[in-house]
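Biologist: I am new to this structure, and I would like to understand the words used for it as well as the values behind them. Could we go through it together?

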Amino acid sequence: MARLLVYYAHPGHKYSHANARMATVASRLEGITFVDLYRDYPRFDIDVDIEQQRLLEHDVVLFQFPFFWYSTPSIIKEWQDLVLEHGFAYGSGGDKLEGKRLMVAITAAGPQDAYSTGGYQHYPLRDFLRPLEQTARLCGMHFPAPFVLYASLRAPGDGRMEPHVEGYRRLLSAIRDDRYDWAVADSADFLQFDQLPIRDGG
């Protein structure tokens, strides 16, 4: 079994539709470590020793968050700045995370066609995630395809919410149980609930 660490970051959790339900699923899955960053660090006083130890103890690190202003919620940036230290995550002697995987599960308010050269966001969603992808590379980590819910505000009314949340459960379970096809995930730009490369029927 793979050791999976899920970091959840949503500053408006009580107003969330998709992310709150996804977080509930993740927090209840056995064999997975679930951390709610805003709950555990309401003043952003991140415990570096605890977080680095968590990273050492897990194989896959997944950040779940709503896509805010083309970036992550601010606590994730604070976490990166403090936890991914020189000599630990990169630089001289900083090889502690080599070979691990860093992935994201995100919700985006805009529809999929908005994230294209012809759409109103002008760039593919993956382009906005390059800083995270490069962070993973600098740390010697793999960055597989993000798990994405586009047009997330419309999902409760158009029938996509239930399959997305169930897809998230299947994704996490497959990673934990070593049934997730990383070769497919590594080569895709992004994956949605009906595209998950899960072996053995999932």
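Biologist: Why is arginine 169 called partly exposed?
Modeller: Arginine 169 has a relative accessibility of 30%, and the class runs between buried, which is under 20% relative accessible area, and exposed, which is over 50% (1.4 Å probe, protein chains only); arginine 169 therefore counts as partly exposed. This is a predicted model, in which local features need pLDDT of at least 70 and side-chain atom pairs count only at pLDDT 80 or more, while totals for chains, interfaces and linings use all residues. Residues are numbered from 1 along each chain as its sequence is written, and side-chain values use heavy atoms, with hydrogens and water left out.

Biologist: Where is arginine 169 found, and what does arginine 169 touch?
Modeller: Arginine 169 is found in helix α8, where a helix is a DSSP run of H or I with at least four residues, a strand is a run of E with at least two, and both are numbered from the N terminus. Not counting residues up to four places away in sequence, arginine 169 touches Val25 and Leu29, contact being heavy atoms within 4.5 Å. Methionine 22 is 147 residues away from arginine 169 in sequence, and the C-alpha atoms of the two are 7.9 Å apart.

Biologist: How do the axes of helix α1 and helix α8 run relative to each other?
Modeller: The axes of α1 (residues 18-28) and α8 (residues 161-176) come within 10 Å and cross at roughly 35°; such axes are lines fitted to C-alpha atoms over the stretch in contact, with angles from 0 to 180 degrees between N-to-C directions. Residues of α1 that meet α8 include Met22 and Val25, and their partners in α8 include Val165 and Leu172.

Biologist: Which residues of α1 are buried, and what do they pack against?
Modeller: The buried residues of α1 are Ala18, Asn19, Ala20, Met22, Ala23 and Ala26, and they pack against β1, β2, β3, β4, β5 and α8.

Biologist: Why does histidine 58 count as buried?
Modeller: The relative accessibility of histidine 58 is 6%, and because this value falls under the cut-off for buried, histidine 58 is placed in that class. Histidine 58 is found in the loop between α3 (48-56) and β3 (60-66), and its side chain reaches the backbone oxygen of arginine 54 at 2.7 Å. Leaving aside neighbours within four places in sequence, histidine 58 is also in contact with Arg3, Leu4, Leu5, Thr33 and Lys100.

Biologist: What makes a set of residues a nonpolar core, and which members touch the most others in the largest one?
Modeller: A nonpolar core is a set of buried Ala, Val, Leu, Ile, Met, Phe, Trp, Tyr and Cys residues joined through side-chain atoms within 4.5 Å. Of the 37 residues in the largest one, Tyr7, Leu37, Leu55, Phe63, Phe65 and Trp79 touch the most other members. Helix α4 (74-83) is among the elements that give two or more residues to this core, and α4 gives the most, with four residues. Apart from this core lies another, of 32 residues, among them Val6, Leu149, Trp182 and Leu196.

Biologist: What is noted about the phi of alanine 151, and why is alanine 151 called buried?
Modeller: Phi of alanine 151 is near 45°, a positive value in a residue other than glycine. Alanine 151 is found in the loop between β5 (147-149) and α7 (155-158), and because its relative accessibility is 7%, alanine 151 counts as buried.

Note on methods:
A polar contact is a pair of N or O atoms within 3.5 Å; within protein, one must be able to donate a hydrogen and the other to accept it, and residues adjacent in sequence count only if both atoms are side-chain atoms.
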